[in-house]
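Welcome to this short tour! Open your viewer, get ready to select some residues, and follow along one stop at a time.

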Amino acid sequence: MHILLERPDRGVVRATWLDPSRFAEADAEPPAERSADIDLDDLPAFVEAQEAGDERPRWVWDDTSAWYPAFLAAGVRVERCVDLRLCHVILRNSTLTARTRLATAEPGPWDVALQPELEQSPTAHTALFDLEQPADALAAGRPSARTELLAQEEAIAASADPGRLRLLLAAESAGALIAAELQHAGLPYRADRHDELLTELLGPRPAYGRPAVLEALTRELREHLDAPDLNPDSPPEVLKALQRAGVMAVSTRSWELRKLEHPVIEPLLRYKKLSRLLTANGWAWLDAWIRDGRFRPDYIPGGVVTGRWATRGGGALQLPKQVRSAVVADPGWKLVVADAAQLEPRILTALSGDEAMAAAGRGKDLYEGIVASGAVDERAHAKVAMLGAMYGATTGESGRLMPRLTRAFPAAIRLVEDAARAGERGEKVTSRLGRSSPLPGPAWDAAQAAASGPDSTEADERRARSQARDWGRFTRNFVVQASAAEWALCWMAELRNRLTALVPGAVLTDAPHLVYFLHDEVIVHTPEQYAEEVVAAVHAAAGKAGRLLFGGFPVEFPVTAAVVDSYADAK
DNA sequence: ACGAATTGCGCC
DNA sequence: AGGGCGCAATTCGT
């Protein structure tokens, strides 16, 4: 049974029971079995009661991030949902639903991006269902959620592959639940350890100005370059000073500087590294983002066109390896750090059904398997060649290795090449489960039109060709990255279910629960006695994800799962 | 003066 | 001539 939640009026929530098996009967509206108006204050108890039944409902709402945090705050979890906003975006863009009513309709309220100021800032409100919450604002501007749900059902039923789309939408919606739970639980984070680390590398926290170590390095750089007022944080100043000192730098990028020979290079690189640590993850970051021993970033499911998540604030997806020793399990608890080994090349293998590459990845490191196949000489070459194939590298070592890779794994390479050609023609490409790439914008179209016009110049053609190649590299990568994101969502959703089952009825943070997600990596915080069961669940979930996406095709998706006290100990 | 764009670097 | 991001400091543009 679906239970749809809407807010027709302030202070009231309307719950409507809908039987999905009867959706096809209705023309305009799915038949409601019954409905009830619920006082906001009673809502968590209502939800909890429904979740306790024999058959758990699928909650349907406009926006998980607007509803679910308040339930979690009240100690209530839900098993599954439909996030209409996220699902709408997928169905609107997918090539699988291209000719459905939902996709061909004029843009409506569900196509408008959320206003950032409407987005919930979970730390900012305390009262349950504060009247200013976005659910209110959204409900005002949108047609009924019931109408939208029916439109989505109709689009799925009429699509080229309802099964895949249903899986994708379920996974996307599960991701939205998980994102809210991740933020609710938070990543266990030891501010004291982070501070020790900063003090060790930078010197004690200064009241103002640069920490001692950076100050000393600044003096050293100024002397080396004979530039007493040099601001080492200003790339143009540094570049000019280097050139005045006879260093033939073309930019101040670290990887460019590393190629140069000069006594100033080493301290300059050291300065840049430490300065980066200070500005990105220094004391200010600690003050802003670590509360009560937890790091709670905003996760944004579907925040990236490929279906990857984004985050807002705290740079959660860029947590540098340098500081991961501050991620520490609570006493009596462990972290299970799990990641999928060489996920994207394995996804490409499965997408293309490349038997040779599947064999190379069977039961071992995929890159070693490629070496063993004789295609390349060493693991590093296999890695750079595969990444190049998926990113569209044309030059350098990666470009040189491509012909050998193409000969050894023709199906896999053909798949990414086809995706690149489609992008160059301005077409969409589509992931395994049905997420499609956007079309290039008006500027791209204009550039292509200019190049094929009667009075086009050579510059027009060059620009058009270059932009076409750029878009081709995007679509080439899209099919792999988007499908990998789908695998990761299925993995995580399955893992969540298995974790929930380990300790039935437990409050989220009293039992094993997810605390971090990073594209192809998850961290579970678990009481020590469940650690081995969590490890087993991580592996089982990975197997399930592979079967869900690719059925019988024999590609393995091995995951590593380390039971550790600190994130830094996982690799 | 202030917002937008650029530079550079962290993660996958 | 390498895909996707977020963030901070500096510089650019008006």
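Before we start, one term: two residues are in contact if their C-beta atoms, placed from the backbone, lie within 7 Å. Keep in mind, too, that this is a predicted model.

**Stop 1: Val336.** Select Val336 and set aside its neighbours within four places in sequence. Val336 still has contacts with Ile523, Val524, Thr526, Ala531, Val534, Val535, Val538, Ala561 and Val563.

**Stop 2: the core.** Now widen the view to the largest nonpolar core, which has 136 residues. Val336 is among those with the most contacts inside this core, along with Val60, Trp487, Met492 and Val538. Next, colour helix H21, residues 458-502: this helix supplies the largest share of the core, 18 residues. Apart from this core lies another one, of 16 residues; to find it, select Leu221, Leu225, Val238 and Tyr271, which are among them. In soluble globular proteins, nonpolar side chains tend to be buried together.

**Stop 3: the DNA.** Select DNA strand C. How many residues surround DNA strand C? There are 31, and the closest are Asp233, Ser234, Ala310, Leu387 and Arg473. Other elements that give two or more include helix H10 (235-244) and helix H17 (379-391). By type, the residues of the surface near DNA strand C are 17 polar, 9 nonpolar and 5 charged.

**Stop 4: confidence.** Finally, colour chain A by pLDDT, which averages 90, with 94% of the residues scoring at least 70. Then select residues 115-139, where pLDDT stays under 50.

Definitions and conventions:
Residues are numbered from 1 along each chain as its sequence is written. Chains are lettered from A and ligands numbered from 1 in the order in which they are written. This is a predicted model: local features need pLDDT of at least 70, side-chain atom pairs count only at pLDDT 80 or more; totals for chains, interfaces and linings use all residues. A nonpolar core is a set of buried Ala, Val, Leu, Ile, Met, Phe, Trp, Tyr and Cys residues joined through C-beta atoms within 7 Å. A residue is buried if 20 or more other C-beta atoms lie within 10 Å of its own, exposed if 12 or fewer, and partly exposed in between; C-beta atoms are placed from the backbone. Helices (H or I, at least four residues) and strands (E, at least two) are DSSP runs, numbered from the N terminus. A residue is near a molecule or strand if its C-beta atom, placed from the backbone, lies within 6 Å of it. Ala, Val, Leu, Ile, Met, Phe, Trp, Tyr, Cys and Pro count as nonpolar, Asp, Glu, Lys and Arg as charged, and the others, Gly among them, as polar. pLDDT is the predictor's confidence in each residue, from 0 to 100.
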